[in-house]
Amino acid sequence: MANSNGPTTEINYVYRGTFIHSTQQTPLQILEDEVLGVDTDGKIAFIGKAAELDSLSQTFGFSPSEVIQLAQHEFFMPGLVDTHIHAPQYSYAGTALDMPLLEWLNKYTFPVESRFKDLEFAQQVYSQVVKRTLRNGTTTACYFATIHTDASLLLAQIANDFGQRALVGKVCMDRNNSVKHYKETNQESQDETCRFIAELLNKKYPLVRPVVTPRFALSCTGALMGQLGAIAKNNNLHIQSHISENVEEVKLVKELFPEYKSYTDVYHKHNLLTDKTVMAHGCYLSDEELALFRQTGASLSHCPNSNISLCSGMLNVRNVLKHNVKLGLGTDVAGGYSASMLDAVRRTLDTSKVLTIQDPEYDTLTFEEVFRLATLGGSQALSLDDRTGNFEVGKDFDALRVNVAAADGPIDLIKIEEPKIILEKFLNLGDDRNIVEVFVAGRKVVPF
Ligand code: XAN
């Protein structure tokens, strides 16, 4: 569409209908009969009342006849943000959930991850996980890959090719690995991390960035953690790791790092807690540790499926929010068996209800709050909320077009429902059959 009004952005397309998103002030803002315009850079150019269509069309230079109308049971919501997912583990998702974390890592995870030296295998699994997550509405994913630099670069390329916004981490681990062919020395870990970062930045993928990835304190020497903290700082990069997931892990970290005040302090003293850090789990963090998260601007990724599947623990989300720590949701495939963020939403609600069963005083999370965690919260946890997370003008259009009444879908509607009920039904009952289109930075990436 041409713009008759001079130098403002050119509008690529305009949708009319219901838009549901979260803001800092409210977990659920429902905008009914509104119009949203996306410019040729993929950014939201305007959002306003359909009653003002004529004036919007004049201001932004598009023809009202080209506006695309959503159907009765359709709405747009922001894309889902998976703040923690292990791409290689997708190869055994849905299996191997019969033992606790540390045994699970040694028996299943490390042997499988060691296979990603093979680029053909990596190509197959990484294409599957990127397609599956996109199909299920994950517009932004924060991935752990493996220790292999070339396969990690391949994951970044595949995310870029399919148009998914992604943070991709080459995993670093220089100690405590029982698997023969899945180890790196301190020097290799540093050198390969630098090579990974340099090569990935050099590709200039618009939506994919490297993330510095020490696996967790049990897999890394203090020396390596300090070096990775410095690498992240010098390149202004994101950092991801795991923290306080399982009781045995917390105990071993205490034994391995006796001179530190807490697990969080171990990361903090190695310069790994910044406002671009996301730590998965955090089930056993003390209030003092949460205060340190708040102070440094580091965030948490809540991974309830994994926490339950590996019998790790239950995160007290209410307490995290009370401490004003940034929080998003993660699938944590394959500790979590589902790659769908809708599952993460449901497991978050379930966990919150179990906490209420245990303590009736516990303030159960609402579906509106969990919707915010899965979208805006995730973008804040990844420090990407200047680009994505809701429908603010100027942000990229990362969005799901949802049809709750999709033919052959899983939801039966008895009557016309209001948008809030429709969203609730989608979050609790919906699946990829209800996700008609997925947009990332204005580009339609699903259907493929
Ligand atoms: N800690 C971990 N936790 C988890 O859920 N999955 C992993 O792969 C992992 N590595 C360290």
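Me: Is Glu184 buried or exposed, and what is its relative accessible area?

Reply: Glu184 is buried, a term that means under 20% relative accessible area, with exposed over 50% and partly exposed in between (1.4 Å probe, protein chains only). The model is predicted, so local features need pLDDT of at least 70 and side-chain atom pairs count only at pLDDT 80 or more, while totals for chains, interfaces and linings use all residues. Residues are numbered from 1 along each chain as its sequence is written, and side-chain values use heavy atoms, without hydrogens and water. The relative accessible area of Glu184 is 8%.

Me: Which residue meets the side chain of Glu184 in a salt bridge?

Reply: A salt bridge is a side-chain nitrogen of Lys or Arg within 4 Å of a carboxyl oxygen of Asp or Glu. The N to O distance in the bridge between Glu184 and Lys170 is 2.9 Å. The two lie 14 residues apart, Glu184 in the loop between strand S9 (171–172) and helix H5 (186–203), and its partner in the loop between strand S8 (165–169) and S9; helices (H or I, at least four residues) and strands (E, at least two) are DSSP runs, numbered from the N terminus. The partner is buried as well, with a relative accessible area of 1%, and is Lys170.

Me: How many residues apart in sequence are the parts tied together by Arg401 and Glu437?

Reply: Arg401 and Glu437 form a salt bridge whose closest N and O atoms are 3.3 Å apart. Arg401 belongs to strand S15 (residues 399–403) and Glu437 to strand S16 (residues 435–440). Both Arg401 and Glu437 are buried. The pair therefore ties together parts whose separation in sequence, in residues, is 36.

Me: Which helix gives the most to the lining of the largest pocket?

Reply: A pocket, on a 1 Å grid over the protein atoms alone, is an open set of points where a 1.4 Å probe fits, with protein on both sides within 12 Å along at least five of seven lines; lining residues have an atom within 4 Å of a point. The lining of the largest pocket has 17 residues, with Gln24, Leu321, Val325, Lys326 and Gln380 nearest its centre. Helix H9 (287–296) and helix H13 (367–381) are the elements that give two or more residues to this lining. With six residues, the helix that gives the most is H13.

Me: By about how much does H13 bend at Leu373?

Reply: H13 is largely enclosed by the rest of the structure, because 14 of its 15 residues are buried. The bend at a residue is the angle between axes fitted to the seven residues ending there and the seven starting there. At Leu373, H13 bends by about 45°.

Me: How many salt bridges does the structure hold?

Reply: Two of them have been described above: Glu184 with Lys170, and Asp343 with Arg347. The number of salt bridges in the structure is 23.
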